[in-house]
Structure formats: structure tokens, C-alpha cells
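Dear colleague,

I am handing over the structure we spoke about, and my notes on it follow below. Please read them with the model open beside you.

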Amino acid sequence: MRVMLKATLDTDKGNDAIRGGKMPQIMQEAMEKLKPEAAYFGPMGGRRTCFLVFDMQDSSQLPPALEPFLNDLNAEVEVCPIMNSDDLRKGLSQLR
């Protein structure tokens, strides 16, 4: 299932990770683990935020996907199922 992870980083923890040089490593490890089809980064509500779209084969993938953001960056994390236009078209065709 395609899901979108939104991680809103704690400012102090993010600052510490940047100053300590750990932010690139944290993000690289997250990218390697999740292999997102899309990844976007920017400020939202005045805080560093990332959006990652990836395929979650099993719900057991959730803890390892979230922990780097929770443990290392004290982030607020949300995960929701999403669709691309092909998925939507396929889903809507089943309503007939």
C-alpha cells in the first residue's frame, strides 16, 4: 500500500542534529530503508518537515520507518494511505 509519511521535526533536536553533523546520516538512512518514490522537504508551520511517499508491504514496517524520526529528531509523525491517479481510477472503476 502506498503511504505518505509526514514528519515534523522538533526544532531543538533538528538544530542539534545539524550542528552535530548527524542530519545527513539520519535522512540518508531513512531514504535507504524506505526507498520512497517521492521525498519532499521544507518548512511547515515554522518547523522542518518532510513528506515521504513509499510502498508499505506490511504494517510491521511501521515501527522501523518511524523510529528514526521519533528517536533521533523527536518529530511529530503522521502516516496515511494515499493513491496516485492510476490507483484512484482503478478504485473508482470498482464503484460501478
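Read along the sequence, the chain runs β-α-α-β-β-α-β-α, which amounts to 4 helices and 4 strands, where helices (H or I, at least four residues) and strands (E, at least two) are DSSP runs numbered from the N terminus. This is a predicted model, in which local features need pLDDT of at least 70 and side-chain atom pairs count only at pLDDT 80 or more, whereas totals for chains, interfaces and linings use all residues. Residues are numbered from 1 along each chain as its sequence is written, and side-chain values use heavy atoms, with hydrogens and water left out.

As to overall dimensions, the C-alpha trace spans about 55 × 30 × 15 Å along its principal axes. Of the contacts (heavy atoms within 4.5 Å) with a separation of 6 or more, 68% are between residues 24 or more positions apart. Buried residues (under 20% relative accessible area, 1.4 Å probe, protein chains only) make up 29% of the 96 residues in the chain.

The chain exposes about 6400 Å², of which carbon and sulfur atoms supply 53%; accessible areas come from the Shrake-Rupley method with a 1.4 Å probe, and for residues only the protein chains shown count as cover.

Finally, leucine 95 lies in the segment after helix 4 (85-93), and with a relative accessible area of 67% leucine 95 is exposed, the cut-off for that term being over 50%.
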